[in-house]
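Open the model in your viewer and keep the selection panel at hand. The tour goes from one selection to the next.

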Amino acid sequence: MKNYNEMTNDVFRRIDEYNAKQKQKKKLAVRTAAALVCVCLAVLAGIGIRQGGLLSTKPKSKAETEGNILPSESKSEYPNLALLSFSQWQCEENVVWGSGTPTKGKIPAEAVGEAGKAVITSELKSALSSGGKNTVYAVMVDFTPTASKSLLIEGKTAAELKEEIKALTAQGKNSEAKEIAQKINDAAQSSYFEQIKKFRAEFASMGLGVYHEEYGCTIDNCIFYTFATREQIENFECAPDEAFIFSSAVRLK
Amino acid sequence: MDNGAESYRRFCNDGDESGLAEIIRDYKDGLIFYLNSFVGNIHTAEELTEDTFVILGTRKPKYKEKSSFKTWLYTIGRNAAIDYLRRISRHAEISLEEYGEIISDKENLELSYIKEERKITVHRALAKLKPEYRQVLWLIYFEGFSNKEAAVVMKKTVHGIETLVYRARRALKIQLEAEGFVYEEL
(Lines give C-alpha, C1' and ligand atoms only; values in the text may rest on other atoms or scores of the structure.)
Protein backbone atom coordinates (compact mmCIF):
# COMPACT_ATOMS: atom_id res chain seq x y z
CA MET A 1 0.00 0.00 0.00
CA LYS A 2 1.16 3.49 -0.80
CA ASN A 3 1.56 6.07 1.92
CA TYR A 4 0.41 9.67 1.53
CA ASN A 5 3.68 10.90 0.01
CA GLU A 6 3.91 8.06 -2.50
CA MET A 7 0.35 8.55 -3.64
CA THR A 8 0.75 12.32 -3.90
CA ASN A 9 3.92 11.90 -5.99
CA ASP A 10 2.24 9.32 -8.22
CA VAL A 11 -0.83 11.52 -8.73
CA PHE A 12 1.26 14.55 -9.72
CA ARG A 13 3.50 12.44 -11.98
CA ARG A 14 0.43 11.10 -13.78
CA ILE A 15 -1.06 14.59 -14.08
CA ASP A 16 2.21 15.83 -15.64
CA GLU A 17 2.26 12.87 -18.06
CA TYR A 18 -1.34 13.53 -19.01
CA ASN A 19 -0.69 17.23 -19.61
CA ALA A 20 2.41 16.45 -21.71
CA LYS A 21 0.41 13.96 -23.78
CA GLN A 22 -2.40 16.48 -24.27
CA LYS A 23 0.12 19.11 -25.38
CA GLN A 24 1.62 16.67 -27.88
CA LYS A 25 -1.85 15.76 -29.18
CA LYS A 26 -2.74 19.43 -29.55
CA LYS A 27 0.50 20.08 -31.43
CA LEU A 28 -0.17 17.16 -33.76
CA ALA A 29 -3.76 18.30 -34.33
CA VAL A 30 -2.60 21.84 -35.14
CA ARG A 31 0.01 20.50 -37.58
CA THR A 32 -2.49 18.17 -39.24
CA ALA A 33 -5.06 20.96 -39.49
CA ALA A 34 -2.48 23.33 -40.98
CA ALA A 35 -1.44 20.73 -43.55
CA LEU A 36 -5.09 20.02 -44.41
CA VAL A 37 -5.83 23.72 -44.77
CA CYS A 38 -2.84 24.08 -47.12
CA VAL A 39 -4.02 21.13 -49.22
CA CYS A 40 -7.59 22.47 -49.30
CA LEU A 41 -6.38 25.93 -50.30
CA ALA A 42 -4.22 24.45 -53.05
CA VAL A 43 -7.15 22.41 -54.35
CA LEU A 44 -9.46 25.43 -54.19
CA ALA A 45 -6.90 27.59 -55.95
CA GLY A 46 -6.50 24.90 -58.60
CA ILE A 47 -10.23 24.70 -59.14
CA GLY A 48 -10.50 28.49 -59.16
CA ILE A 49 -7.73 28.86 -61.74
CA ARG A 50 -9.22 26.12 -63.88
CA GLN A 51 -12.75 27.49 -63.75
CA GLY A 52 -11.62 31.09 -64.07
CA GLY A 53 -9.99 30.22 -67.39
CA LEU A 54 -6.59 31.42 -66.23
CA LEU A 55 -4.95 28.25 -67.49
CA SER A 56 -6.23 28.73 -71.01
CA THR A 57 -4.92 32.25 -71.31
CA LYS A 58 -1.61 32.64 -73.07
CA PRO A 59 0.88 34.61 -70.98
CA LYS A 60 1.56 38.08 -72.37
CA SER A 61 4.78 38.37 -74.32
CA LYS A 62 7.49 40.93 -73.90
CA ALA A 63 6.47 42.49 -77.21
CA GLU A 64 2.89 42.93 -76.03
CA THR A 65 3.84 44.47 -72.73
CA GLU A 66 5.95 46.96 -74.62
CA GLY A 67 2.98 48.02 -76.75
CA ASN A 68 3.83 45.99 -79.84
CA ILE A 69 0.72 44.27 -81.18
CA LEU A 70 2.70 41.33 -82.59
CA PRO A 71 1.57 38.08 -80.99
CA SER A 72 3.66 36.00 -78.64
CA GLU A 73 6.68 34.03 -79.81
CA SER A 74 6.49 31.77 -76.81
CA LYS A 75 5.56 28.11 -76.94
CA SER A 76 2.04 27.55 -78.18
CA GLU A 77 -0.61 27.22 -75.48
CA TYR A 78 -2.92 25.37 -77.85
CA PRO A 79 -1.75 21.78 -78.24
CA ASN A 80 -4.96 20.98 -80.06
CA LEU A 81 -6.41 23.87 -81.98
CA ALA A 82 -9.72 22.10 -82.46
CA LEU A 83 -10.51 22.10 -78.73
CA LEU A 84 -11.75 25.67 -78.33
CA SER A 85 -15.16 26.82 -79.42
CA PHE A 86 -15.56 29.70 -81.90
CA SER A 87 -16.71 32.07 -79.17
CA GLN A 88 -13.68 31.10 -77.08
CA TRP A 89 -11.41 31.87 -80.01
CA GLN A 90 -13.14 35.22 -80.34
CA CYS A 91 -11.99 36.03 -76.80
CA GLU A 92 -8.41 34.88 -77.26
CA GLU A 93 -6.19 37.92 -77.30
CA ASN A 94 -3.17 36.49 -79.06
CA VAL A 95 -4.92 35.27 -82.17
CA VAL A 96 -4.13 37.24 -85.33
CA TRP A 97 -7.28 38.44 -87.04
CA GLY A 98 -7.70 40.30 -90.30
CA SER A 99 -8.31 44.01 -90.38
CA GLY A 100 -11.32 45.91 -91.70
CA THR A 101 -14.94 45.02 -91.31
CA PRO A 102 -16.09 41.42 -91.08
CA THR A 103 -16.71 40.21 -94.63
CA LYS A 104 -18.51 37.02 -93.70
CA GLY A 105 -17.20 35.09 -96.64
CA LYS A 106 -16.84 37.60 -99.41
CA ILE A 107 -14.15 36.19 -101.67
CA PRO A 108 -11.26 38.59 -102.13
CA ALA A 109 -11.09 39.68 -105.80
CA GLU A 110 -7.51 38.46 -106.27
CA ALA A 111 -8.17 34.88 -105.13
CA VAL A 112 -9.20 32.32 -107.67
CA GLY A 113 -9.76 28.72 -106.57
CA GLU A 114 -7.54 26.04 -108.08
CA ALA A 115 -8.28 22.32 -107.81
CA GLY A 116 -6.07 20.44 -105.35
CA LYS A 117 -4.68 23.67 -103.96
CA ALA A 118 -5.23 26.00 -101.00
CA VAL A 119 -4.67 29.56 -102.15
CA ILE A 120 -3.51 32.04 -99.48
CA THR A 121 -4.54 35.68 -99.93
CA SER A 122 -1.88 38.40 -99.88
CA GLU A 123 -3.24 39.90 -96.64
CA LEU A 124 -2.88 36.56 -94.83
CA LYS A 125 0.54 35.98 -96.41
CA SER A 126 1.84 39.26 -95.04
CA ALA A 127 0.36 38.48 -91.62
CA LEU A 128 2.07 35.05 -91.70
CA SER A 129 5.44 36.62 -92.42
CA SER A 130 5.18 38.98 -89.47
CA GLY A 131 4.05 36.35 -86.93
CA GLY A 132 6.03 33.73 -85.06
CA LYS A 133 6.20 29.98 -85.41
CA ASN A 134 3.51 29.36 -82.82
CA THR A 135 1.27 32.29 -83.61
CA VAL A 136 -2.33 31.30 -84.24
CA TYR A 137 -4.20 32.92 -87.15
CA ALA A 138 -7.91 33.24 -87.60
CA VAL A 139 -8.52 31.93 -91.10
CA MET A 140 -11.62 32.20 -93.23
CA VAL A 141 -11.69 29.24 -95.58
CA ASP A 142 -13.66 29.81 -98.76
CA PHE A 143 -14.62 26.62 -100.51
CA THR A 144 -16.91 28.12 -103.13
CA PRO A 145 -14.70 26.78 -105.94
CA THR A 146 -15.04 23.25 -104.51
CA ALA A 147 -18.78 23.65 -104.11
CA SER A 148 -19.14 25.04 -107.62
CA LYS A 149 -17.44 22.00 -109.09
CA SER A 150 -18.88 19.25 -106.94
CA LEU A 151 -22.45 20.51 -106.83
CA LEU A 152 -24.65 18.84 -109.45
CA ILE A 153 -27.96 20.50 -110.28
CA GLU A 154 -30.08 18.80 -112.94
CA GLY A 155 -26.94 17.11 -114.33
CA LYS A 156 -24.91 20.31 -114.49
CA THR A 157 -22.26 21.62 -112.09
CA ALA A 158 -22.70 24.95 -110.31
CA ALA A 159 -19.78 26.32 -112.33
CA GLU A 160 -21.52 25.44 -115.60
CA LEU A 161 -24.76 26.99 -114.38
CA LYS A 162 -22.90 30.15 -113.39
CA GLU A 163 -21.67 30.43 -116.98
CA GLU A 164 -25.27 30.07 -118.15
CA ILE A 165 -26.31 32.86 -115.76
CA LYS A 166 -23.62 35.09 -117.26
CA ALA A 167 -24.86 34.36 -120.78
CA LEU A 168 -28.53 34.90 -119.87
CA THR A 169 -27.71 38.19 -118.15
CA ALA A 170 -25.84 39.31 -121.24
CA GLN A 171 -28.92 38.48 -123.30
CA GLY A 172 -31.08 40.48 -120.88
CA LYS A 173 -32.91 37.39 -119.64
CA ASN A 174 -32.62 38.43 -116.04
CA SER A 175 -35.59 36.52 -114.67
CA GLU A 176 -34.29 33.23 -116.08
CA ALA A 177 -30.79 34.01 -114.72
CA LYS A 178 -32.32 34.74 -111.32
CA GLU A 179 -34.20 31.45 -111.39
CA ILE A 180 -31.00 29.47 -112.05
CA ALA A 181 -29.12 31.42 -109.36
CA GLN A 182 -31.89 30.53 -106.91
CA LYS A 183 -31.54 26.86 -107.83
CA ILE A 184 -27.81 27.00 -107.17
CA ASN A 185 -28.36 28.74 -103.85
CA ASP A 186 -30.90 26.13 -102.77
CA ALA A 187 -28.60 23.26 -103.74
CA ALA A 188 -25.61 24.90 -102.06
CA GLN A 189 -27.64 25.49 -98.93
CA SER A 190 -28.83 21.91 -98.69
CA SER A 191 -25.37 20.43 -99.29
CA TYR A 192 -23.50 22.93 -97.06
CA PHE A 193 -23.71 21.00 -93.83
CA GLU A 194 -22.83 17.71 -95.51
CA GLN A 195 -19.71 19.31 -96.90
CA ILE A 196 -18.83 20.92 -93.56
CA LYS A 197 -19.07 17.46 -91.99
CA LYS A 198 -16.58 16.12 -94.53
CA PHE A 199 -14.21 19.07 -94.01
CA ARG A 200 -14.43 18.71 -90.26
CA ALA A 201 -13.10 15.16 -90.42
CA GLU A 202 -10.40 16.20 -92.88
CA PHE A 203 -9.27 19.22 -90.84
CA ALA A 204 -9.41 17.30 -87.55
CA SER A 205 -6.82 14.87 -88.92
CA MET A 206 -4.51 17.91 -89.13
CA GLY A 207 -5.41 19.07 -85.63
CA LEU A 208 -7.65 21.88 -86.84
CA GLY A 209 -11.21 22.79 -85.97
CA VAL A 210 -13.92 23.77 -88.42
CA TYR A 211 -16.33 26.54 -87.39
CA HIS A 212 -19.23 27.49 -89.59
CA GLU A 213 -22.05 29.99 -89.79
CA GLU A 214 -25.62 29.06 -89.15
CA TYR A 215 -26.93 30.47 -92.38
CA GLY A 216 -25.19 27.95 -94.67
CA CYS A 217 -23.87 29.11 -98.00
CA THR A 218 -25.01 30.73 -101.24
CA ILE A 219 -23.95 30.63 -104.87
CA ASP A 220 -20.74 32.55 -104.26
CA ASN A 221 -20.36 32.46 -100.54
CA CYS A 222 -19.40 29.09 -99.09
CA ILE A 223 -17.11 29.59 -96.15
CA PHE A 224 -16.08 28.32 -92.74
CA TYR A 225 -13.47 29.37 -90.23
CA THR A 226 -10.42 27.67 -88.78
CA PHE A 227 -7.58 28.63 -86.47
CA ALA A 228 -4.13 27.51 -87.51
CA THR A 229 -0.42 28.22 -87.19
CA ARG A 230 1.72 29.45 -90.09
CA GLU A 231 3.16 25.98 -90.63
CA GLN A 232 -0.30 24.41 -90.77
CA ILE A 233 -1.56 27.02 -93.23
CA GLU A 234 1.46 26.88 -95.50
CA ASN A 235 1.70 23.09 -95.51
CA PHE A 236 -2.00 22.46 -95.87
CA GLU A 237 -2.63 19.49 -98.14
CA CYS A 238 -5.69 19.76 -100.28
CA ALA A 239 -7.51 16.79 -101.77
CA PRO A 240 -7.36 16.73 -105.63
CA ASP A 241 -11.08 17.51 -105.91
CA GLU A 242 -10.96 20.39 -103.43
CA ALA A 243 -10.06 24.03 -103.80
CA PHE A 244 -9.75 26.41 -100.86
CA ILE A 245 -9.01 30.09 -100.47
CA PHE A 246 -7.43 30.96 -97.11
CA SER A 247 -7.87 34.57 -96.06
CA SER A 248 -7.63 36.45 -92.75
CA ALA A 249 -10.87 36.25 -90.84
CA VAL A 250 -12.06 39.48 -89.26
CA ARG A 251 -13.10 39.24 -85.65
CA LEU A 252 -16.88 39.43 -85.42
CA LYS A 253 -18.14 42.18 -83.18
CA MET B 1 -14.51 23.37 7.80
CA ASP B 2 -14.99 23.37 4.07
CA ASN B 3 -14.09 19.66 3.68
CA GLY B 4 -11.60 20.40 0.90
CA ALA B 5 -13.67 22.73 -1.27
CA GLU B 6 -11.28 25.63 -0.61
CA SER B 7 -8.24 23.42 -1.28
CA TYR B 8 -9.78 22.34 -4.58
CA ARG B 9 -10.57 25.94 -5.51
CA ARG B 10 -6.95 26.94 -4.87
CA PHE B 11 -5.74 24.05 -7.01
CA CYS B 12 -8.10 24.80 -9.92
CA ASN B 13 -8.03 28.59 -9.95
CA ASP B 14 -4.55 29.41 -8.69
CA GLY B 15 -2.73 26.27 -9.82
CA ASP B 16 -1.69 25.65 -6.21
CA GLU B 17 -0.62 22.00 -6.12
CA SER B 18 -0.64 21.92 -2.33
CA GLY B 19 -4.45 22.20 -2.57
CA LEU B 20 -4.68 18.83 -4.29
CA ALA B 21 -2.07 17.39 -1.91
CA GLU B 22 -4.31 18.39 1.02
CA ILE B 23 -7.31 16.67 -0.58
CA ILE B 24 -5.23 13.51 -1.07
CA ARG B 25 -4.08 13.65 2.54
CA ASP B 26 -7.62 14.12 3.91
CA TYR B 27 -9.55 11.68 1.74
CA LYS B 28 -7.10 9.02 0.56
CA ASP B 29 -7.79 6.34 3.21
CA GLY B 30 -11.54 6.83 3.45
CA LEU B 31 -11.92 6.71 -0.29
CA ILE B 32 -9.84 3.53 -0.51
CA PHE B 33 -12.13 1.81 1.99
CA TYR B 34 -15.25 3.02 0.28
CA LEU B 35 -14.03 1.85 -3.10
CA ASN B 36 -12.91 -1.41 -1.51
CA SER B 37 -16.52 -1.97 -0.50
CA PHE B 38 -17.26 -1.56 -4.19
CA VAL B 39 -14.60 -3.65 -5.89
CA GLY B 40 -13.70 -6.04 -3.07
CA ASN B 41 -9.94 -5.63 -3.57
CA ILE B 42 -7.92 -3.18 -1.50
CA HIS B 43 -5.20 -2.78 -4.16
CA THR B 44 -7.71 -2.06 -6.90
CA ALA B 45 -9.46 0.34 -4.54
CA GLU B 46 -6.14 2.09 -3.97
CA GLU B 47 -5.55 2.38 -7.74
CA LEU B 48 -9.07 3.70 -8.23
CA THR B 49 -8.52 6.24 -5.46
CA GLU B 50 -5.38 7.41 -7.22
CA ASP B 51 -7.35 7.54 -10.49
CA THR B 52 -9.98 9.70 -8.77
CA PHE B 53 -7.33 12.23 -7.70
CA VAL B 54 -5.80 12.14 -11.18
CA ILE B 55 -9.26 12.95 -12.62
CA LEU B 56 -9.40 15.96 -10.28
CA GLY B 57 -5.96 17.06 -11.47
CA THR B 58 -6.44 16.53 -15.21
CA ARG B 59 -10.09 17.04 -16.13
CA LYS B 60 -10.67 19.43 -13.20
CA PRO B 61 -14.43 18.77 -12.93
CA LYS B 62 -16.36 21.73 -11.57
CA TYR B 63 -17.49 21.52 -7.95
CA LYS B 64 -20.87 23.29 -7.87
CA GLU B 65 -21.38 23.04 -4.08
CA LYS B 66 -24.72 21.27 -4.45
CA SER B 67 -23.48 18.74 -1.88
CA SER B 68 -20.50 18.59 0.46
CA PHE B 69 -17.08 18.28 -1.15
CA LYS B 70 -16.66 14.81 0.33
CA THR B 71 -19.95 13.62 -1.16
CA TRP B 72 -18.94 15.02 -4.54
CA LEU B 73 -15.47 13.41 -4.34
CA TYR B 74 -16.91 10.01 -3.37
CA THR B 75 -19.33 10.25 -6.31
CA ILE B 76 -16.40 10.75 -8.69
CA GLY B 77 -14.64 7.78 -7.05
CA ARG B 78 -17.77 5.65 -7.38
CA ASN B 79 -18.04 6.51 -11.09
CA ALA B 80 -14.39 5.57 -11.58
CA ALA B 81 -15.08 2.26 -9.84
CA ILE B 82 -18.14 1.58 -12.03
CA ASP B 83 -16.03 2.28 -15.15
CA TYR B 84 -13.40 -0.08 -13.83
CA LEU B 85 -15.91 -2.85 -13.15
CA ARG B 86 -17.30 -2.44 -16.64
CA ARG B 87 -13.84 -2.87 -18.12
CA ILE B 88 -12.48 -5.65 -15.95
CA SER B 89 -14.04 -8.94 -15.06
CA ARG B 90 -15.07 -8.98 -11.46
CA HIS B 91 -14.05 -12.60 -11.21
CA ALA B 92 -10.40 -12.06 -12.02
CA GLU B 93 -8.33 -14.60 -10.19
CA ILE B 94 -5.60 -13.57 -7.77
CA SER B 95 -2.71 -15.69 -6.53
CA LEU B 96 -2.48 -16.91 -2.91
CA GLU B 97 0.64 -14.82 -2.40
CA GLU B 98 -1.15 -11.73 -3.62
CA TYR B 99 -4.14 -12.61 -1.48
CA GLY B 100 -1.92 -12.71 1.66
CA GLU B 101 -0.50 -9.32 0.76
CA ILE B 102 -3.97 -7.89 0.31
CA ILE B 103 -5.07 -9.14 3.74
CA SER B 104 -1.99 -7.67 5.36
CA ASP B 105 -2.34 -4.28 3.62
CA LYS B 106 -6.01 -4.14 4.54
CA GLU B 107 -5.25 -4.82 8.20
CA ASN B 108 -2.61 -2.10 8.32
CA LEU B 109 -4.97 0.41 6.78
CA GLU B 110 -7.78 -0.59 9.16
CA LEU B 111 -5.52 0.01 12.11
CA SER B 112 -4.45 3.43 10.89
CA TYR B 113 -7.83 4.66 9.63
CA ILE B 114 -10.56 2.96 11.72
CA LYS B 115 -8.52 2.59 14.93
CA GLU B 116 -11.33 1.23 17.20
CA GLU B 117 -11.14 -2.55 17.66
CA ARG B 118 -14.90 -3.18 17.59
CA LYS B 119 -15.34 -1.07 14.49
CA ILE B 120 -12.58 -3.10 12.84
CA THR B 121 -14.52 -6.28 13.66
CA VAL B 122 -17.66 -4.81 12.14
CA HIS B 123 -15.68 -3.69 9.08
CA ARG B 124 -14.41 -7.25 8.54
CA ALA B 125 -17.94 -8.58 8.82
CA LEU B 126 -18.96 -6.09 6.14
CA ALA B 127 -16.71 -7.86 3.66
CA LYS B 128 -19.06 -10.84 3.73
CA LEU B 129 -22.14 -8.82 2.83
CA LYS B 130 -23.51 -7.86 -0.57
CA PRO B 131 -21.50 -5.00 -2.21
CA GLU B 132 -24.47 -2.64 -1.99
CA TYR B 133 -24.87 -3.31 1.78
CA ARG B 134 -21.13 -2.87 2.28
CA GLN B 135 -21.17 0.49 0.52
CA VAL B 136 -24.13 1.99 2.33
CA LEU B 137 -22.96 0.83 5.77
CA TRP B 138 -19.47 2.13 5.11
CA LEU B 139 -20.72 5.54 4.06
CA ILE B 140 -23.15 5.94 6.97
CA TYR B 141 -21.36 4.27 9.91
CA PHE B 142 -17.71 4.80 9.06
CA GLU B 143 -17.70 8.00 7.01
CA GLY B 144 -20.57 9.66 8.89
CA PHE B 145 -22.62 10.46 5.78
CA SER B 146 -26.27 11.33 6.21
CA ASN B 147 -28.88 9.31 4.33
CA LYS B 148 -29.25 12.21 1.90
CA GLU B 149 -25.50 12.37 1.21
CA ALA B 150 -25.27 8.61 0.81
CA ALA B 151 -28.18 8.82 -1.62
CA VAL B 152 -26.23 11.36 -3.71
CA VAL B 153 -23.09 9.21 -3.77
CA MET B 154 -24.95 5.99 -4.55
CA LYS B 155 -27.30 7.68 -7.00
CA LYS B 156 -30.42 6.49 -5.16
CA THR B 157 -33.41 8.19 -3.56
CA VAL B 158 -33.33 8.92 0.18
CA HIS B 159 -36.15 6.42 0.69
CA GLY B 160 -34.19 3.84 -1.28
CA ILE B 161 -31.18 4.44 0.94
CA GLU B 162 -33.30 4.08 4.10
CA THR B 163 -34.59 0.73 2.92
CA LEU B 164 -31.10 -0.35 1.93
CA VAL B 165 -29.68 0.67 5.32
CA TYR B 166 -32.41 -1.30 7.12
CA ARG B 167 -31.71 -4.43 5.10
CA ALA B 168 -27.95 -3.99 5.35
CA ARG B 169 -28.09 -3.61 9.12
CA ARG B 170 -30.20 -6.74 9.44
CA ALA B 171 -27.79 -8.68 7.22
CA LEU B 172 -24.82 -7.41 9.25
CA LYS B 173 -26.46 -8.38 12.52
CA ILE B 174 -27.05 -11.91 11.26
CA GLN B 175 -23.45 -12.09 10.08
CA LEU B 176 -22.04 -10.88 13.39
CA GLU B 177 -24.27 -13.25 15.38
CA ALA B 178 -23.13 -16.10 13.20
CA GLU B 179 -19.57 -15.23 14.16
CA GLY B 180 -20.54 -15.16 17.88
CA PHE B 181 -20.33 -11.42 18.22
CA VAL B 182 -23.09 -9.36 19.80
CA TYR B 183 -23.18 -5.72 18.80
CA GLU B 184 -25.77 -3.89 20.82
CA GLU B 185 -25.80 -0.71 18.76
CA LEU B 186 -27.09 -2.44 15.70
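**Stop one: the interface**

Select R14(A) and E50(B): their side chains meet in a salt bridge, 3.1 Å from N to O. The term means a side-chain nitrogen of Lys or Arg within 4 Å of a carboxyl oxygen of Asp or Glu. Across the interface of chain A and chain B the rule finds 3 salt bridges.

This is a predicted model, where local features need pLDDT of at least 70, side-chain atom pairs count only at pLDDT 80 or more, and totals for chains, interfaces and linings use all residues. Residues are numbered from 1 along each chain as its sequence is written, chains are lettered from A and ligands numbered from 1 in the order written, and side-chain values use heavy atoms, without hydrogens and water.

Now show both chains. In contact (heavy atoms within 4.5 Å) are 12 residues of chain A and 20 residues of chain B. On the chain A side, 7 are nonpolar, 2 polar and 3 charged. The two chains bury about 1,600 Å² between them, 70% of it on carbon and sulfur atoms. Buried area is the accessible area (1.4 Å probe) lost on being put together, summed over both parts.

**Stop two: a helix pair in chain B**

Select residues 17-39 and 131-142 of chain B, helices α2 and α7. Their axes come within 7 Å and cross at roughly 160 degrees. α2(B) and α7(B) are therefore roughly antiparallel (angles over 145 degrees).

Next, show the contact residues. From α2(B), pick among others F33(B) and Y34(B); from α7(B), W138(B) and L139(B) are included.

Technical notes: Axes fitted to C-alpha atoms, helices over the stretch in contact; angles between N-to-C directions. Helix = DSSP H or I, 4+ residues; strand = E, 2+ residues; numbered from the N terminus. Parallel < 35°, antiparallel > 145°, perpendicular 65-115°, else oblique. Nonpolar A, V, L, I, M, F, W, Y, C, P; charged D, E, K, R; others polar.
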